[in-house]
Amino acid sequence: MPNLDDPLLVFSDVDGTIQDSHTGEWQPVEQWLARLRQHHVPLILCSSKTAAEMQAVQKALGLEGQPFIAENGAVIQLDTQWHDHPNFPRLFSGSPHAEIAQVLSQLRKRDGYKFTTFSELDEQALADITGLPPAQAALARLQEASETLIWRDSDEQMAAFDATLAGLGLRFVQGARFWHVLDERGGKDQAVTWLVRQYQQYSGHAPFTVGLGDGPNDAPLLDAVDYAIVVKGLNRDGIRLRQDTPDRVYHSTQEGAAGWREGMNQLFGIDDVSSEQT
């Protein structure tokens with residue numbers, strides 16, 4: 001098992017994992033945030049959210065300046081201290097949003113698929129669908145290297161759509177509530193692997209990695225780390241991992257931030273983090 005004094009990186013999904021999907025509550029992890037800061041352990045958020053949304057989440061959690069992975073891995077924000085990095089401040093993987101949106105529009109017109117994209121909705125309509133305040137919904141529309149879909153068609157059409165996208169070099173990724181299309185050169189697994197390599201180059205040490213997630217689109221993240229924590233989620237299909245063994249994977253009994261805390265307590269052998277000195 002890892003130790004907080006080891007070279008360590010923690011990667012975490014946002015909605016349904018470190019935050020409640022509906023309320024945004026994150027207070028159950030507050031003591032863990034302080035503990036990770038104390039031990040200088042980077043906490044790298046990894047989500048389908050846009051970079052603008054991720055920066056707002058980082059500010060709320062006190063994680064400004066650390067890297068993050070946005071749009072399911074299509075966008076990587078670098079550590080603010082890596083000024084000499086050739087990709088500073090942000091790396092994009094594959095096709096930009098405008099090209100992906102154009103492909104989706106053409107496929108819908110040609111094959112009759114039924115879906116609506118986030119970029120086609122105004123702020124108020126998107127706020128009504130997502131439950132986000134209009135200001136936050138506006139940030140969700142600022143996609144740079146992916147597109148989010150509200151799927152309105154059959155499972156059979158979805159399978160055909162998925163196959164068509166794959167033939168065009170695009171990924172069709174299921175999130176907790178919506179679907180996401182990005183370049184196959186992006187992905188949470190590639191982004192995690194890339195960031196781990198950067199940390200190793202900067203520090204000279206190969207870090208242990210921990211990942212936390214709750215939905216199917218977190219499987220690539222959890223497959224790419226040394227230790228995985230599956231936070232109990234609402235998705236009926238759950239998460240299917242390549243190596244789901246007790247020595248590597250812990251499944252929480254609680255949801256959201258409480259499940260995040262439970263998993264970290266279990267992994268690091270802490271009975272009650274709130275009672276620990278941080």
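Trainee: How far apart do the C-alpha centres of domain 1 and domain 2 lie?
Mentor: In this predicted model, those centres lie 23 Å apart. Domain 1 covers 8–92 + 187–268, and domain 2 covers 97–183.

Trainee: What makes Arg 171 and Asp 189 a salt bridge?
Mentor: The N to O distance between their side chains is 3.6 Å. The cut-off is within 4 Å, for a nitrogen of Lys or Arg and a carboxyl oxygen of Asp or Glu, so the pair qualifies. Between domain 1 and domain 2 the count is two salt bridges, and seven residue pairs are in polar contact there.

Trainee: Why is the pair of Glu 144 and Arg 90 said to tie together parts of the chain?
Mentor: Their closest N and O atoms are 3.1 Å apart, which makes a salt bridge. Glu 144 is in the loop between helix H5 (134–140) and strand S7 (146–151), while Arg 90 is in strand S5, so the pair ties together parts 54 residues apart in sequence.

Trainee: Why is Arg 90 called partly exposed?
Mentor: Its relative accessible area is 23%. Buried means under 20% and exposed means over 50%, so Arg 90 falls in between. Glu 144, with 28%, is also partly exposed.

Trainee: What joins the side chains of Gln 77 and Arg 90?
Mentor: A polar contact of 2.7 Å joins them. Gln 77 lies in strand S4 and is buried at 12% relative accessibility. Leaving out residues up to four places away in sequence, Gln 77 touches Gln 55, Pro 67, Phe 68, Pro 89 and Arg 90. The peptide bond from Phe 88 to Pro 89 is cis, with omega near 5 degrees.

Trainee: Is Lys 188 buried or exposed?
Mentor: Lys 188 has a relative accessible area of 2%, under the 20% limit, so Lys 188 is buried. Asp 218, at 0%, is buried as well. The closest N and O atoms of these two are 2.5 Å apart, and they form a salt bridge. Lys 188 sits in helix H7 and Asp 218 in the loop between strand S10 (208–213) and helix H8 (219–223), so parts 30 residues apart in sequence are tied together. Asp 13, Lys 188 and Asp 218 are linked in a network of salt bridges.

Trainee: What is the phi of His 40?
Mentor: Phi of His 40 is positive, about 55 degrees, although His 40 is not a glycine. Asn 72 also has a positive phi, near 60 degrees.

Definitions and conventions. Residues numbered from 1 in each chain as written. Predicted model: local features only at pLDDT ≥ 70, side-chain atom pairs only at ≥ 80, totals over all residues. Heavy atoms only, no water. Domains from an automatic or database assignment. Polar contact = N/O pair within 3.5 Å; in protein donor to acceptor, adjacent residues only side chain to side chain. Helix = DSSP H or I, 4+ residues; strand = E, 2+ residues; numbered from the N terminus. Buried < 20%, exposed > 50% of the residue type's maximum accessible area, 1.4 Å probe, protein only. Contact = heavy atoms within 4.5 Å.
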